[in-house]
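Please examine the sequence and the model together while reading the following account.

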Amino acid sequence: QHQATPLCKIQRTKLLSRYHRRLPLPEPTNHRIHAALQYAHRVPIVRVAVGSTRRPKIAAVETALAQLASHFDPGTIFEVHGREVPSGVGHTPASREETMQGARARADALAQISGEFAEPCHYFAGLEGGLAIAQDSAGRHVFLENWAYVRDTSGRGSYGQSGGIALPAVLACEVVDRGVELSVAMDALSGRHGIRDAEGAW
């Protein structure tokens, strides 16, 4: 025996049918994915490897890229990847030449291991902090300087230099005369811990 469909169910079915006819059908999911992939393909990505995992150095490169963004294509995405590599110099380079050498060595070391990165990098940046010592009639002056060396995959590169900050005589004595690492001496004299990794010696 045929069982009649309840009136309330018929009315609900008609209502839903009218509702669906009035609403535009959503774009198929595969079309949306295709559009997203096309957009992602158009957006340029610049990857920069930095020869350190210390947060102050990573942040310095990110800040520099943000300031240089107008020189790249609109919408360029910057990715910064830190990797510990040897500098080939002492813990606290004691001359401008040694500091520059350390910065370049870090960038070159990154380029040599570039095949180990999950994605290819376009630039390799080495940052190094060190001392510049000068003498005049008043005596010795010790300055803290930072140097950067950035190169591309072809080997073309360039140096960049910060300003210099004069070290207090007591700090200069610890580092230059006693051979104490700058970050260790700063922690000891300030009564704090981990200044270099938290905010940088600068």
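Arginine 55 has a relative accessibility of 45% and therefore counts as partly exposed, a class that lies between buried (under 20% relative accessible area) and exposed (over 50%), as computed with a 1.4 Å probe on protein chains only. The structure is a predicted model, in which local features need a pLDDT of at least 70, side-chain atom pairs count only at pLDDT 80 or more, and totals for chains, interfaces and linings use all residues. Residues are numbered from 1 along each chain as its sequence is written, and side-chain values use heavy atoms, with hydrogens and water left out.

Arginine 55 forms a salt bridge with glutamate 62, and their closest N and O atoms are 2.8 Å apart. The term salt bridge denotes a side-chain nitrogen of Lys or Arg within 4 Å of a carboxyl oxygen of Asp or Glu. Glutamate 62 is partly exposed as well, at a relative accessible area of 34%. Helix α3 comprises residues 55-68; helices (H or I, at least four residues) and strands (E, at least two) are DSSP runs numbered from the N terminus. The 14 residues of α3 reach 20 Å from the first C-alpha to the last, close to the 20 Å expected at 1.5 Å a residue, where the expected span is 1.5 Å times one less than the number of residues. The buried residues of this helix are Pro56, Lys57, Ile58, Val61 and Leu65. An α-helix has 3.6 residues a turn, so residues three or four places apart point the same way.

How many salt bridges does a search of the whole structure find? The search finds eleven. One of them joins the side chains of arginine 47 and glutamate 79, at 3.2 Å from N to O. This pair links distant parts of the chain, since arginine 47 belongs to strand β1 (residues 45-50) and glutamate 79 to strand β2 (residues 77-82), 32 residues apart. Arginine 47 counts as buried because its relative accessibility is 13%, whereas glutamate 79 is partly exposed at 25%.

Another salt bridge connects arginine 140 and aspartate 177, with the closest N and O atoms 3.0 Å apart. Here too, distant parts of the chain are linked: arginine 140 lies in strand β4 and aspartate 177 in helix α5, 37 residues apart. Arginine 140 is partly exposed, with a relative accessible area of 35%, and aspartate 177 is partly exposed at 48%. Salt bridges that share partners also join Arg47, Glu79 and Glu119 into one network.

Strand β3 (residues 123-136) pairs with β4 in the antiparallel sense over 14 bridges; two strands pair if DSSP finds at least two bridges between them. The hairpin that joins β3 to β4 runs through two residues, and glutamine 135 has arginine 140 of β4 as its bridge partner. On pairing with strand β5 (residues 157-166), β4 is again antiparallel, over eight bridges. These two strands form a hairpin with four residues between them, and glycine 155 in the turn has a positive phi of about 100°. Phenylalanine 143 has alanine 166 in β5 as its bridge partner, and leucine 144 stands opposite isoleucine 165.

Glutamine 161 also lies in β5 and is partly exposed, with a relative accessibility of 43%. Leaving aside residues up to four places away in sequence, glutamine 161 touches Arg96, Glu145, Asn146 and Trp147, a contact being heavy atoms within 4.5 Å.

Which residues form the largest nonpolar core? Its ten residues are Leu131, Val142, Leu144, Leu167, Leu171, Ala172, Val175, Leu182, Ala185 and Met186. The elements that give two or more residues to this core are β4 (139-152), α5 (169-177) and α6 (182-190). A nonpolar core is a set of buried Ala, Val, Leu, Ile, Met, Phe, Trp, Tyr and Cys residues joined through side-chain atoms within 4.5 Å.

Confidence in the model remains to be considered. The chain averages a pLDDT of 83, and 75% of the residues score at least 70; pLDDT is the predictor's confidence in each residue, from 0 to 100. Confidence is lowest in helix α1 (residues 7-22), at a mean of 41, and highest in helix α4 (residues 96-112), at 98. Over residues 2-25 the pLDDT is below 50, and this stretch has one contact in the model beyond near neighbours in sequence. Where pLDDT is low, the predicted coordinates should not be read in detail.
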